[in-house]
Amino acid sequence: MLIEAISARTKVPVASLRKIAASASRRYFEFTIQKRDGTERLIAHPSRPLKALQRWIARNVVGLAPVHPAATAYAKGSKISHNAQLHAATNFTTRLDFREFFPSFDSVSVGEFFRKISADSSLNFSDDDINFATKIVCRNGKLAIGAPSSPKITNAIMFEFDTLVADEAAKLNAVYTRYADDIFISGFDYSTVRLLEKIIREIVNDHKSPKLTIKEEKTLHLSRAQHRSATGLVITPNGAVSIGRTRKREIKTLVHLGLQDKLKAADRARLAGLIAFVSDVEPMFLIALGRKFSVDVRQWAKSL
């Protein structure tokens with residue numbers, strides 16, 4: 001039923017769809033990007049036909065599953081600043097990071113997820129449909145970092161986990177959010193945050209599908225008196241959300257060089273992205289920057 005429905009919508013013959021699924025794991029281009037800690041992350045970018053099928057499944061199948069409001073990444077209309085703002089009023093924040101998050105979702109857990117969607121939405125997927133969908137979205141039996149379907153699938157599969165943790169946080173008058181593989185918990189007193197952290201660790205240990213593990217070396221315990229950050233944003237001691245001094249200095253330097261036409265193509269692209277980011281998070285900084293350089297920074301950035 002699923003394969004036939006995709007064929008009818010996309011005009012791709014069923015035989016061709018099956019061929020793509022059978023060879024899906026080989027239809028990726030690999031490259032690496034450098035992470036903040038200096039290590040490299042492997043990205044597997046799917047071929048155009050495979051990517052189109054992943055997007056179709058993400059939109060028409062995965063989109064039927066609920067996503068918890070605490071999952072603040074990848075949601076339609078969501079802003080990266082939203083996650084940090086939810087924690088801004090609290091006094092203590094702990095960050096926990098999952099190890100190898102996307103690859104933790106293997107074909108077994110993904111297949112179970114598709115089977116549950118089928119039952120809950122009365123889609124009546126056959127075993128063949130579930131096997132097909134799983135092959136399309138997985139690479140070598142795991143979700144791939146780089147596939148457009150992976151973020152939506154992880155958010156949907158994590159619904160029960162997010163619900164459990166969010167309910168526990170509500171009981172403690174604490175805040176819980178999850179931005180992909182990063183968990184942020186905040187509270188008004190240290191003991192509350194540590195208790196919630198203990199509960200989360202117990203839930204993680206009991207979670208069977210997928211089997212998640214916490215990257216202990218990335219765990220951070222921070223207070224209002226310290227430099228608190230969430231999803232790359234700084235939570236100031238007075239409870240405001242900022243892009244931080246380091247990023248502000250970088251933007252000032254890039255704007256100065258850009259106005260003198262001294263930026264390389266890569267730097268122009270980065271500056272345009274940074275300005276779009278700041279427009280969402282801290283627009284007053286752009287206004288101040290415009291006064292300093294006597295230019296409408298947002299309009300000028302569109303020409304970069």
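Predicted model: local features only at pLDDT ≥ 70, side-chain atom pairs only at ≥ 80, totals over all residues.
Just after helix α8, Asn-173 adopts a positive phi of about 55°.

Helix α8 spans residues 159-171, 13 residues in total. From its first C-alpha to its last it reaches 18 Å, close to the 18 Å expected at 1.5 Å a residue. Its buried residues are Phe-161, Asp-162, Val-165, Ala-166 and Ala-169. Viewed down the axis of α8, the buried residues fall within an arc of 120°, so they line one face of the helix. On the face of α8 turned away from the buried side are the exposed residues Glu-160, Ala-170 and Lys-171. The buried residues of α8 are covered by elements that include β6 (175-179), β7 (182-187) and α9.

The largest nonpolar core contains 57 residues, and Ile-57 and Phe-114 have the most contacts inside it. Helix α9 (residues 190-206) supplies the largest share of this core, 6 residues. Leaving aside residues up to four places away in sequence, Phe-114 touches Ile-57, Val-61, Val-62, Phe-125, Ile-130, Ala-133, Thr-134, Val-137 and Ile-153. In soluble globular proteins, nonpolar side chains tend to be buried together.

Key
Residues numbered from 1 in each chain as written. Heavy atoms only, no water. Core = buried A, V, L, I, M, F, W, Y, C linked by side-chain atoms within 4.5 Å. Buried < 20%, exposed > 50% of the residue type's maximum accessible area, 1.4 Å probe, protein only. Helix = DSSP H or I, 4+ residues; strand = E, 2+ residues; numbered from the N terminus. Contact = heavy atoms within 4.5 Å. Expected span 1.5 Å × (residues − 1). Arc of directions from axis to C-beta.
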